[in-house]
Amino acid sequence: MNSTSTYLLELQGMRKAFPGVLATDNVDLKIKPGEVHALLGENGAGKSTLVKMIYGILKADAGSIYFNGKPVEINSPAQARELGIAMVFQHFSLFDSLSVVENISLGMDHACSMDELANQITELSNRYGLPLDPQRHVYTLSVGERQRIEIIRCLLQKPKLLVMDEPTSVLTPQEVDKLFITLKRLAEEGLAILYISHKLNEIKALCRNATVLRHGKKIDTVEVDEESTQTLAAMMMGRELKEFKHPRKSEPGEIRLSVNDPHIPAADKTGISLQILNLTVRAGEVVGISGVAGNGQDELLAALNGEKRSSRADSIIIEGRAVGRMGPNERRLSGLASVPEKRLGHGAVPDMDLVENAFLTSFTRLRLIRYGLIDREKTVEFAKKIIRNFSVKTPGSDVPASSLSGGNLQKFIIGRELMQNPEILIVSQPTWGVDAGAALTIRQELRELAAEGAAVLVISQDLDELLEISDRIGAICGGRLSRFYPTSSITTEQVGMLMAGVCLEEGMPHVA
Amino acid sequence: MMELFIPAILTIITAATPLLFAALGELVTEKSGVLNLGIEGMMVIGAITGFVTVHLTGSATLAILASLLAGAIMSSIFAVLVLKLHASQVPTGLALTIFGIGLSALIGQSMIGVAYQGLPVISIPVLSSIPVLGELLFKHDILVFMSIVMVGAVMWFLYRTRYGLILRAVGDSHEAAHAMGYPVIKIRFLATLFGGAMSGVGGAYLSLAYSPLWVEQMTAGRGWIALALVVFATWRPGRVLLGAYLFGGITILQLHAQALGIGVPSQVMSMLPYLATIIVLVIISSDRSRIKLNSPASLGKSFHPSR
């Protein structure tokens with residue numbers, strides 16, 4: 001075991017099984033000090049399971065961990081921190097009702113005075129370009145700011161290894177650039193970084209080595225510079241990713257959806273009030289709304305699909321009908337279908353089976369009610385059709401929605417709306433947490449729906465996705481919609497500015 | 001005038017004290033994310049335990065300690081069911097109340113009609129001889145003083161100590177607290193025990209001081225008022241103090257109004273404190289954001305560690 005001494009962290013034969021699945025199987029991993037190492041894989045490949053074992057949240061069934069060449073056993077996050085391992089989670093472990101300094105104090109193993117800690121936070125945040133006010137309450141902060149808390153919390157422990165679980169999924173392109181500068185500086189100072197992602201361009205930009213996982217198994221460890229994004233993708237998915245085909249209609253048709261300032265105030269102090277919303281979507285086009293999480297996306301979806309009603313009927317017009325004051329069912333009947341971001345509990349009822357879930361949004365349009373009763377036969381048939389047409393992996397149509405994986409449930413929900421042939425479809429985060437193959441299918445389906453003459457509105461935080469499928473793109477920031485620009489004439493940086501609430505007309509020559 | 005006024009204030013204090021104990025305990029329990037609806041049951045068990053103990057031993061101190069323990073034991077049953085076995089908190093809490101009322105009636109069968117002279121009054125030297133104020137503030141039984149001390153102690157604990165911070169964090173997001181390596185279940189267990197112990201003492205105050213005798217179901221819904229007080233106070237100890245005295249005041253006012261023979265049926269007057277609770281709760285709850293920002297976000301949610 002001489003070779004282990006040069007590595008900061010070495011994993012050998014890590015194995016973890018959950019009931020019914022083998023999450024990681026015999027995975028090895030080696031990281032040197034100062035190295036940015038990517039852990040690459042699709043959703044469900046076992047990345048999160050592996051790092052949870054490193055951080056002591058999960059217990060490995062088999063395998064050994066060496067830290068600085070010595071075998072160690074990590075049974076709790078506290079032990080991991082003691083060794084010098086820090087972790088920034090994908091879903092932040094933050095407490096909304098507490099202040100920044102209180103939050104950070106909770107992540108420290110050794111209590112120190114709040115004032116002293118606040119000073120340390122200010123100092124670190126200045127040094128690494130991560131501005132943060134220690135006294136603010138977390139619920140008032142943006143997602144980017146929240147991530148800074150996590151990073152500073154980690155840095156305060158002076159770690160040797162920093163684990164980051166998909167840190168950029170919530171950031172604007174500009175914030176991503178800033179984060180990468182900070183991370184590179186930290187690596188130069190000798191910090192090893194284990195960077196988990198499935199975004200290949202980020203890994204190309206940041207990492208030296210990459211370990212690729214697929215279905216819980218390690219495929220290979222490669223030097224990133226020697227690989228192209230195509231070869232990395234092939235390793236990640238086990239096959240070449242098909243090119244995305246764009247069945248575009250030549251000219252958009254008549255206006256299907258028009259939104260004229262519905263003015264919906266926030267439900268409470270932590271919500272966003274929708275202020276300036278002007279938008280039209282025409283038949284045959286896909287319109288994309290980008291934006292950082294928490295800028296009014298949920299509120300926008302609710303305003304459009306009727307969960308939140310406006311006081312003016314003509315503030316929302318569907319197919320020429322003023323529906324601003326109508327509820328979801330009436331809007332659905334007029335031709336508007338929607339897919340919310342949250343699948344379990346919003347898009348589907350977790351404890352109801354797929355047949356019942358299929359019924360819930362389709363009974364008006366598909367006339368699944370006969371003499372006031374549910375037409376069971378037709379509903380079952382409809383649910384089975386969705387499962388077949390969208391290749392939803394499920395043991396049957398009578399299993400509860402919560403038993404499906406995220407990607408499969410998303411396919412089911414999107415399929416349910418698409419099968420109703422809506423005139424207008426609004427989708428929020430269509431491919432979030434869905435593996436690349438299924439994501440491609442979903443994007444393809446959305447384009448095809450548009451090609452058949454429907455108006456499609458996609459709300460997403462995945463900018464690459466929007467640039468790929470939209471005809472026009474804009475952004476939502478603080479409950480205000482930006483202007484919309486043809487996707488062919490706008491750059492990633494410009495969309496980033498829109499997401500940050502900057503108006504492009506000042507300073508940008510607008511190409512028509 | 002003073003002859004009327006001072007006794008009225010004193011009775012308000014005695015009416016408020018049991019509410020204050022129970023509500024403070026429940027506040028700490030809820031701050032950790034556990035909703036224990038069994039306060040009424042824990043209080044009534046505290047009441048009978050205290051009364052039986054003082055009857056058998058003659059020691060008020062032992063009686064208070066026994067009530068404290070009895071409340072804690074009651075809450076530990078709840079805690080095991082809810083935290084270890086993941087039973088749903090609402091029905092389990094309701095069951096605890098029903099169990100407590102039944103058990104206390106069984107234990108108390110032979111205690112009906114037995115008398116006790118009440119907790120001894122402690123007069124703080126010098127201060128208690130101040131006219132009017134001395135009588136109002138410095139001449140009470142030990143539990144009244146203790147209840148006020150507990151308000152300060154709970155405030156200090158929750159907002160000035162690291163353990164208080166951890167407890168609030170567990171109540172805000174148990175997943176995040178678990179991910180950081182804090183023992184969510186253990187912290188909730190302890191917070192639930194504290195809530196039970198305080199409810200037990202609150203119950204003891206009823207049978208040892210407020211009306212020193214045993215009557216079946218003598219808590220008469222005070223557990224529920226204490227529960228409402230926590231929401232009324234938006235989970236802040238200082239406001240629990242205010243609320244407890246406010247509701248104590250309404251209870252006493254209602255008694256005095258009945259004694260003065262105001263032409264309203266006594267049943268309607270007895271409803272007054274409960275009616276006031278509902279009205280205040282509706283007013284408080286209409287401000288959703290206030291509730292949202294102060295209430296423990298994971299209140300009432302079961303926690304399954306994924307390990």
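Trainee: Hi! How many helices and strands does chain B have?

Mentor: Chain B has 13 helices and two strands. Keep in mind that this is a predicted model.

Trainee: Thanks. And what is the radius of gyration of chain B, next to that of a compact globule?

Mentor: For 307 residues, a compact globule would come out near 19 Å, and chain B has 19 Å, so the two agree. Along the principal axes, the C-alpha atoms of chain B fill a box of roughly 65 × 45 × 45 Å.

Trainee: What share of the residues in chain B is buried?

Mentor: Buried residues are 45% of the 307 in chain B. There is also a figure for contacts in chain B between residues at least 6 apart in sequence: 79% of these join residues at least 24 apart.

Trainee: Let me zoom in on one residue. Where is B:Ala15 found?

Mentor: B:Ala15 is in helix α1 of chain B, which covers residues 2–31.

Trainee: Is B:Ala15 buried or exposed?

Mentor: B:Ala15 is buried, because 23 other C-beta atoms lie within 10 Å, and the cut-off for buried is 20 or more.

Trainee: Which residues is B:Ala15 in contact with, leaving aside its neighbours within four places in sequence?

Mentor: Those are B:Tyr210, B:Gly248, B:Thr251 and B:Ile252. As for B:Ile250, it sits 235 residues from B:Ala15 along the chain, with 9.5 Å between the two C-alpha atoms.

Trainee: Switching to chain A. Which domains is chain A divided into?

Mentor: Domain 1 of chain A runs over 3–237 and domain 2 over 255–499. Their C-alpha centres lie 33 Å apart. In the contact, domain 1 of chain A gives 12 residues and domain 2 of chain A gives 16 residues.

Trainee: Which elements give two or more residues to the domain 1 side?

Mentor: On the side of domain 1 of chain A that touches domain 2, these are α5 (143–156) and α6 (173–188) of chain A. The residues of that side divide into five nonpolar, six polar and one charged.

Trainee: Tell me about α5(A). How many residues does it have, and what span is expected?

Mentor: Helix α5(A) has 14 residues and reaches 20 Å from its first C-alpha to its last, close to the 20 Å expected at 1.5 Å a residue. After α5(A) comes A:Lys158, with a positive phi near 45°.

Trainee: Why is α5(A) described as largely enclosed?

Mentor: Because 11 of its 14 residues are buried, α5(A) is largely enclosed by the rest of the structure. Among the buried residues are A:Arg146, A:Arg148, A:Glu150 and A:Arg153, along with A:Ile149, A:Ile151 and A:Ile152.

Trainee: What covers the buried residues of α5(A)?

Mentor: The cover includes β6 (85–88), α3 (100–107), α4 (114–127), β7 (161–165) and α6 of chain A.

Trainee: On to strands. How many residues of β21(A) are buried?

Mentor: In strand β21 of chain A, residues 472–477, six of the six are buried, so the strand is largely enclosed by the rest of the structure. In a regular strand, side chains alternate between the two faces of the sheet. Here A:Arg472, A:Gly474 and A:Ile476 are buried on one side of β21(A), while A:Ile473, A:Ala475 and A:Cys477 are buried on the other.

Trainee: Which strand runs parallel to β21(A)?

Mentor: That is β13 of chain A, residues 286–290, joined to β21(A) by four bridges. A:Val287 has A:Arg472 as its bridge partner.

Trainee: And which strands run antiparallel to β21(A)?

Mentor: Strand β23 (residues 485–486) of chain A is joined to β21(A) by two bridges, and A:Arg472 stands opposite A:Pro486 there. Strand β22 (residues 480–481) of chain A also has two bridges to β21(A), with A:Cys477 paired to A:Arg480.

Trainee: What do β21(A) and β22(A) form?

Mentor: They form a hairpin with two residues between them, and A:Gly478 in the turn has a positive phi of about 60°.

Trainee: Last one: what is the order of strands in the open sheet of four in chain A?

Mentor: The order is β12-β11-β14-β15, with antiparallel pairing. The edge strands are β12 (278–282) and β15 (321–322) of chain A, each pairing on one side only. Strand β11 (residues 255–260) is joined to β12(A) by five bridges, and A:Val259 stands opposite A:Leu279.

Conventions: Residues are numbered from 1 along each chain as its sequence is written. Chains are lettered from A and ligands numbered from 1 in the order in which they are written. This is a predicted model: local features need pLDDT of at least 70, side-chain atom pairs count only at pLDDT 80 or more; totals for chains, interfaces and linings use all residues. Domain bounds come from an automatic or database domain assignment. Two residues are in contact if their C-beta atoms, placed from the backbone, lie within 7 Å. Ala, Val, Leu, Ile, Met, Phe, Trp, Tyr, Cys and Pro count as nonpolar, Asp, Glu, Lys and Arg as charged, and the others, Gly among them, as polar. A residue is buried if 20 or more other C-beta atoms lie within 10 Å of its own, exposed if 12 or fewer, and partly exposed in between; C-beta atoms are placed from the backbone. Two strands pair if DSSP finds at least two bridges between them. The radius of gyration is taken over C-alpha atoms; the globule rule is 2.2 Å times the number of residues to the power 0.38. The expected span of a helix is 1.5 Å times one less than its number of residues.
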